[in-house]
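Welcome, and thanks for taking a look at this one with me. Here are a few points to read alongside the view below.

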Amino acid sequence: EMLSFWHAATRASFACVAPPPPPLVAPPPQALSAAFHRLLDSFVSLRPNERFLEYNRAFLPSFYGLLREMLDCPGGDDCLRVLVPHRNWEWAIKYVIVDTAEYVQLLQTPDQEPDPFAHTLRSLLRSSAGVNADWRLRTLGVALSSNKLLTNRANVLPLLVICMAGEEEVATACERGATAQLCACLDACGAALYEDARWETLLPIMALLAKCAGWLRHRTSDDARAEARRLTALGAW
């Protein structure tokens, strides 16, 4: 209940527009980042029994929602620098978002009903991806190494869209088998998605395949290492 209370209180503080800003919105930056770090040090248990599943369904939205609200506070940049390299955030991406059987609809696809928790997670992921290229490359490795795109498309596909932002990320994704996984997903689901006119799911798959194809077909004869990477990725596909 405390998580829900502080999440609601922080959101209510942001709704206050009359100056001066309330303390919840404008704490000293060092105090804010320290509190953010303590929150992020908390452990989430993923034991596959109904008691833990019910608890997580009830309070994970408040937990991550509170983290998201703190990023919007003055001094939120310091919190973001805590979030990006934190092991518990990397753990959550791997085990709560990617390598999961119980939470396969967390991020959802845009053609599904809107979910505030999905919006919160996407926002945290975009914030992390926007400030750190190394984070994008590490997260691509997590998203692709488990080979979960086909069975956990609702979570893994948005993660790939967020992380495959530049040429190096696309190259890394191709090397790690993104092209083959995307094609397998299209082969298995494409007809059904097309028949149901679920373009919001088909379009990201096609867009990511176009990015991969663009990198694979671009010959860089003056760069032996880049050419070797391209040929390796082509061979793996």
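1. Let's begin with a helix pair: the axes of helix α6 (residues 116-131) and helix α7 (residues 133-145) come within 5 Å and cross at roughly 125°. Because of that, α6 is oblique to α7 (angles under 35 degrees count as roughly parallel, over 145 as roughly antiparallel, 65 to 115 as roughly perpendicular and the rest as oblique). On the α6 side the contact (heavy atoms within 4.5 Å) is made by L125, S128, A129 and V131, and on the α7 side by A133, W135 and R136. By class, these are five nonpolar, one polar and one charged residues.

2. A word on the source: this is a predicted model, where local features need pLDDT of at least 70 and side-chain atom pairs count only at pLDDT 80 or more, while totals for chains, interfaces and linings use all residues. Residues are numbered from 1 along each chain as its sequence is written, and side-chain values use heavy atoms, leaving out hydrogens and water.

3. What about the overall fold? The chain has twelve helices and zero strands (DSSP runs, at least four residues for helices and at least two for strands). Of its 237 residues, 45% count as buried, meaning under 20% relative accessible area with a 1.4 Å probe, protein chains only.

4. Now look inside: the largest nonpolar core has 60 residues, and F36, Y64, W89, L125 and L160 touch the most other members. Helix α3 (residues 50-71) gives the largest share of this core, eight residues.

How values were computed:
Axes fitted to C-alpha atoms, helices over the stretch in contact; angles between N-to-C directions. Nonpolar A, V, L, I, M, F, W, Y, C, P; charged D, E, K, R; others polar. Buried < 20%, exposed > 50% of the residue type's maximum accessible area, 1.4 Å probe, protein only. Core = buried A, V, L, I, M, F, W, Y, C linked by side-chain atoms within 4.5 Å.
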